[in-house]
Amino acid sequence: MNPAQHTAAVAAEAAGFVATVKAADLSAPVPTCPGWTLADLTRHVGSVHRWFTELLRQGVQQPPTSRDVDLRLPEQPAGLPDWLAVSAAEAAEVFAATDLDAPMWAWGVDQHARFWVRRMLFETLVHRADAELALGISPHIDRALAVDGIDEFLTNLPFASSFAPQTAELRAPDRSIRFTCTDGGGDGDGDWLIGLRPDGFALVTDEAGSRTADATVRGTAEDLLLLLYGRLDRRSDSFDLLGDQDLLTHWFTHSAF
């Protein structure tokens with residue numbers, strides 16, 4: 001997916017989130033975000049939109065020293081869905097006015113403004129799924145979007161230790177884990193190999209898919225994305241787990257985002 005597709009998808013995911021929570025009881029708990037209600041979840045997503053939008057407005061070139069931003073929160077929780085819709089609309093305006101290929105500080109690999117649009121997309125998408133799961137709705141994620149989300153997650157996870165400190169423990173003496181989509185797109189996508197070393201971990205180039213992994217997780221792109229974000233249990237019937245189970249336990253214990 002390209003930046004233009006990401007910007008459109010942010011708007012679509014935000015609209016989907018708003019539609020999901022608009023008529024819901026915002027005091028309902030969100031099991032996939034322990035301790036949160038739907039109101040907390042909506043407030044979080046809107047806050048992320050406003051924070052990332054401010055970063056894009058400023059085009060920051062260094063890590064920000066403060067996260068203060070005028071959230072303009074509504075007085076009552078019932079106003080949160082409309083507030084999120086406004087937050088998303090403001091983000092769209094800034095996207096349109098920003099050169100998304102411009103250099104910009106980011107905590108992940110891609111040091112360009114487009115990083116923040118892609119990050120906002122999957123932050124919104126995963127929390128849209130959280131809202132749906134809280135209401136007993138089975139989330140649907142388009143395959144191409146899910147594949148892009150898996151790639152975004154695995155590409156940037158090695159750089160997330162500042163806010164996900166357990167990822168620093170993802171080390172092993174030259175071990176590997178493969179994540180493979182079972183709903184192949186016919187274009188060779190949907191396969192990722194992670195190499196764990198004594199000093200860290202990272203995606204490994206294996207375009208032919210010929211390298212043997214010590215452990216493999218197989219599932220649909222949608223399910224793999226939700227699994228990586230901790231929204232599904234790897235021991236469910238949705239996944240095939242092959243190889244070193246202790247290595248998989250190590251990964252899922254320390255890869256919480």
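**View 1. Phe52 and Trp116, a buried aromatic pair.** Both Phe52 and Trp116 are buried, where buried means under 20% relative accessible area, exposed over 50% and partly exposed in between, with a 1.4 Å probe and protein chains only. A word on what you are looking at: this is a predicted model, in which local features need pLDDT of at least 70, side-chain atom pairs count only at pLDDT 80 or more, and totals for chains, interfaces and linings use all residues. Residues are numbered from 1 along each chain as its sequence is written, and side-chain values use heavy atoms, with hydrogens and water left out.

Rings of Phe, Tyr and Trp (its six-membered ring) pair if their centres lie within 6.5 Å; planes under 30 degrees apart count as stacked, over 60 as edge-to-face and the rest as tilted. By this rule there are nine aromatic pairs. The ring centres of Phe52 and Trp116 are 4.9 Å apart and the planes lie at 65 degrees, so this pair is edge-to-face. Phe52 sits in helix H2 (residues 38–58) and Trp116 in helix H4 (residues 114–134), so the pair links distant parts of the chain, 64 residues apart. Helices (H or I, at least four residues) and strands (E, at least two) are DSSP runs, numbered from the N terminus.

**View 2. Trp107 and Phe115 in an aromatic cluster.** With centres 5.4 Å apart and planes at 85 degrees, the rings of Trp107 and Phe115 are also edge-to-face. Both of these residues are buried. Look around them for one aromatic cluster, formed by Phe52, Trp105, Trp107, Phe115, Trp116 and Phe163.

**View 3. Trp116 in the largest nonpolar core.** A nonpolar core is a set of buried Ala, Val, Leu, Ile, Met, Phe, Trp, Tyr and Cys residues joined through side-chain atoms within 4.5 Å. The largest one has 59 residues, of which Trp116, Ile150, Leu154, Phe179 and Trp251 touch the most other members. H4 gives the largest share of this core, nine residues. Leaving out residues up to four places away in sequence, Trp116 touches Phe52, Leu55, Leu56, Met104, Trp105, Ala106 and Trp107; contact means heavy atoms within 4.5 Å.

View 4. Strand S2 (residues 191–197) and strand S3 (residues 200–204) pair in the antiparallel sense over five bridges; two strands pair if DSSP finds at least two bridges between them. Leu196 stands opposite Phe201 in S3.
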